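Subject: Handover of a structure for your review

Dear colleague,

Please find below the structure that I am passing on to you. My notes on it follow directly after.

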Amino acid sequence: MAYCAVRAAPIAPRRRHACPGRARFAQIAALLGLGVAGLITGCSVNSTDRDASRDFAEARQRMVREQLAARGIRDARVLDAMARVPRHELVPESLRSLAYEDRPLPIGLGQTISQPYIVAAMSEAVALQGEERVLEVGTGSGYQAAVLAELCREVFSIELEKELADRARADLARLGYANVQVRDGDGYRGWPEAAPFDAIVVTAAPDHVPPALVEQLAIGGRMIIPVGRALQDLLLITRTEAGIQRQHLMGVRFVPMRGEAEDPQPDAGLLGDEN
Ligand code: SAH
């Protein structure tokens with residue numbers, strides 16, 4: 001499939017200790033039954049690293065089973081993507097051991113990485129098949145962007161905080177996600193040069209649906225967006241030939257969308273009827 005060419009390669013755990021000559025000696029030593037290869041070479045493969053990456057992989061599989069599949073996430077592509085993306089690589093190092101817990105986590109600057117279930121539910125709601133171009137507003141850690149990158153052709157992600165945008169851009173590149181572009185700035189007006197989008201995923205909550213985002217949805221496009229103040233409605237907005245439909249999915253709590261979204265709104269009349 002065409003999108004595979006630009007999609008991220010599966011992520012292999014990086015090996016920090018590359019001592020090929022010594023490693024070969026260690027192998028031979030082990031084969032000879034000496035059993036003390038690590039001591040002889042002084043450069044054993046770091047078993048702590050290997051154990052940690054195996055522990056993370058196990059925790060991730062458990063998260064997919066217990067937090068996602070058991071709670072009704074059905075899209076096999078979403079479950080696969082969630083089973084692949086190394087969430088622990090996108091949270092602050094001191095919180096890595098909590099990366100696969102059923103909760104959001106702080107990522108600095110008062111912002112959070114969403115709970116895995118919410119990331120999966122939002123990814124499932126926009127029903128990606130593999131060829132789409134997707135806009136995300138609120139890059140944060142880059143985790144949702146990475147999950148989307150596994151599911152579609154191209155991701156455009158905007159983050160208000162330059163420091164977070166720079167970090168996410170670097171992390172996504174390090175993890176091999178070549179099909180994500182991260183820009184810093186206010187996402188309230190979307191990314192007009194790259195529009196229209198087949199899907200839009202908004203991960204900071206405005207108190208109304210930003211009209212520019214609706215305009216940047218392709219016909220047939222889906223937008224998932226939390227709307228409200230303290231407690232928000234997660235809305236699925238679909239743009240059809242006939243107009244705009246919206247559907248309430250669940251109550252959620254995201255950080256507020258800042259910037260232009262906070263300005264007083266004269267009218268948010270683009271929404272059409274709820275169904
Ligand atoms: N999707 C993120 C979670 C993001 S939290 C992840 O997977 O980690 C919401 C993010 O939206 C925060 O990083 C916040 O800085 C950002 N944000 C808030 N208002 C914004 C705006 N107007 N435009 C772009 N980003 C915004």
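Ala 127 counts as partly exposed because 16 C-beta neighbours lie inside 10 Å; a residue is buried with 20 or more other C-beta atoms within 10 Å of its own, exposed with 12 or fewer, and partly exposed in between, C-beta atoms being placed from the backbone. Ala 127 has a positive phi of about 50° although it is not a glycine, and it sits in the loop between H5 and strand S3 (133-137). Helices (H or I, at least four residues) and strands (E, at least two) are DSSP runs, numbered from the N terminus.

Please note that this is a predicted model, in which local features need pLDDT of at least 70 and side-chain atom pairs count only at pLDDT 80 or more, while totals for chains, interfaces and linings use all residues. Residues are numbered from 1 along each chain as its sequence is written.

The protein has 8 helices and 9 strands. Of its 275 residues, 37% are buried. Two residues are in contact if their C-beta atoms, placed from the backbone, lie within 7 Å. Among contacts between residues at least 6 apart in sequence, 57% join residues at least 24 apart.

Backbone features

Leu 109 lies in the loop between strand S1 (105-108) and S2, and it is exposed because 11 other C-beta atoms lie within 10 Å. Gly 176, which follows H7, also has a positive phi, near 90°. Ala 195 and Pro 196 are joined by a cis peptide bond, with omega about 0°; Pro 196 belongs to the loop between strand S5 (180-184) and strand S6 (197-202).

Helix H5 (residues 116-125) is mostly covered, with 8 of its 10 residues buried. Among them are Pro 116, Val 119, Met 122 and Glu 124.

Helix H7 (residues 162-174) has 13 residues, which at 1.5 Å a residue should span 18 Å, and its end C-alpha atoms are 18 Å apart, in agreement. The expected span is 1.5 Å times one less than the number of residues. The buried residues of H7 are Leu 164, Ala 165, Arg 167, Ala 168, Arg 169 and Leu 172. Their cover includes S2, H6, S4 and S5.

The nonpolar core

A nonpolar core is a set of buried Ala, Val, Leu, Ile, Met, Phe, Trp, Tyr and Cys residues joined through C-beta atoms within 7 Å. The largest one has 63 residues, and those with the most contacts inside it are Val 147, Leu 148, Ile 200, Val 201, Val 202 and Ile 224. H6 gives the most to this core, with 7 residues. Leaving aside residues up to four places away in sequence, Val 147 touches Ala 81, Met 82, Val 85, Val 119 and Ser 123.

Surroundings of the ligand

Which residues come nearest to the ligand? Of the 25 residues around it, they are Gly 138, Gly 140, Ser 141, Gly 187 and Ala 204; a residue counts as near if its C-beta atom, placed from the backbone, lies within 6 Å. Strand S2 (111-113), helix H6 (143-151) and strand S4 (154-159) are the elements that give two or more residues to this shell. The largest share, 3 residues, comes from S2. The shell divides into 11 nonpolar, 10 polar and 4 charged residues, where Ala, Val, Leu, Ile, Met, Phe, Trp, Tyr, Cys and Pro count as nonpolar, Asp, Glu, Lys and Arg as charged, and the others, Gly among them, as polar.

With kind regards
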